[in-house]
Amino acid sequence: MTSSVPTSNRIRVGSAPDSWGVWFPDDPQQVPWQRFLDEVAEAGYEWIELGPYGYLPSDPERLRAETAKRGLKVSAGTVFTGLHHGPAVWEKTWAHVADIAALTQEMGAEHLVVIPSFWRDDKTGEVLEDSTLTPQQWRDLTAQTERLGREVRDRYGLSIVVHPHADTHIDSEENVNRFLDATDPDLVSLCLDTGHYAYCGGDSVKLIETYGERIGYLHLKQVDPEILADVVANEVPFGPAVGRGVMCEPPTGVPALEPVLAAAAKLDVDLFAIVEQDMYPCPPDKPLPIATRTRQFLRSCGA
């Protein structure tokens, strides 16, 4: 990707199925995968993530053909983990990770986005476990994440980037800092999602300036501060919060993305910046105009 703004020419912008309202491998409320690929290319993006495994074709030859004919390339795959449960969940976790990592590698990508498990159900709001980890659970989380980083690197040549996420145990500034301080930088990097970090009270620019060497990947997203205030005050779970529109179209929300991109550019490393506007569920005709406007806005920011 070329840019007329030299400060951001190492940042590669893309989008993801999430921005088309896709949260599940198969769901009648979601657009077909062919339409997603057509529209993400039409909106002006070159890079995409795989999204939930099984939404896009999982046969690498077919997926390569489908992306190539639209001028698209894959930046990362995504996995969901509950590694704070310790070694007992390793085999189950690896069974989930292996197929996704293999497809990610086959598609020429180098990153695997790792999302921690939710402590409350994102649809029903049912509390599944305590929102605060015990010291032992923190030790298990960090040790098992390092193990995952090592195995994924050694077997598939991929780097894991852990995604702080609302309604998980890696969410706030305090918990993100604790996680980073307790993990090996050679094995574990961060996927900074600007929307989720703001949702949980964090400052993305401060995080980049403080832990710049740990930032391996970006998700660009904004939250509506008024809706967020109501969500926090009423302890609304993440899924219903998305349904209320808590994640909004840039540049109408927070954080401002220009300072985030400027801070990231100062790191002087190659970074993906993948647009992810959570919109599940949404009308099928809603995503494309938003994606097109967002791409134009990011170009105005130099990305």
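Author: Strand 6 (residues 189-193) is mostly covered, with five of its five residues buried. Buried means under 20% relative accessible area with a 1.4 Å probe, protein chains only. Strands here are DSSP runs of E, at least two residues, and helices are runs of H or I, at least four, numbered from the N terminus. This is a predicted model: local features need pLDDT of at least 70, side-chain atom pairs count only at pLDDT 80 or more, and totals for chains, interfaces and linings use all residues. Residues are numbered from 1 along each chain as its sequence is written, and side-chain values use heavy atoms, leaving out hydrogens and water.

Reader: Which residues sit on each side of strand 6?

Author: S189, C191 and D193 are on one side, L190 and L192 on the other. Both faces are covered.

Reader: How does strand 6 pair with strand 5?

Author: Strand 5 (residues 159-162) pairs with strand 6 in the parallel sense, over two bridges. Pairing takes at least two DSSP bridges between the strands. V161 has S189 as its bridge partner.

Reader: And which strand pairs with strand 6 over four bridges?

Author: Strand 7 (residues 215-220), also parallel. There, H219 stands opposite D193.

Methods
Buried means under 20% relative accessible area, exposed over 50%, partly exposed in between (1.4 Å probe, protein chains only).
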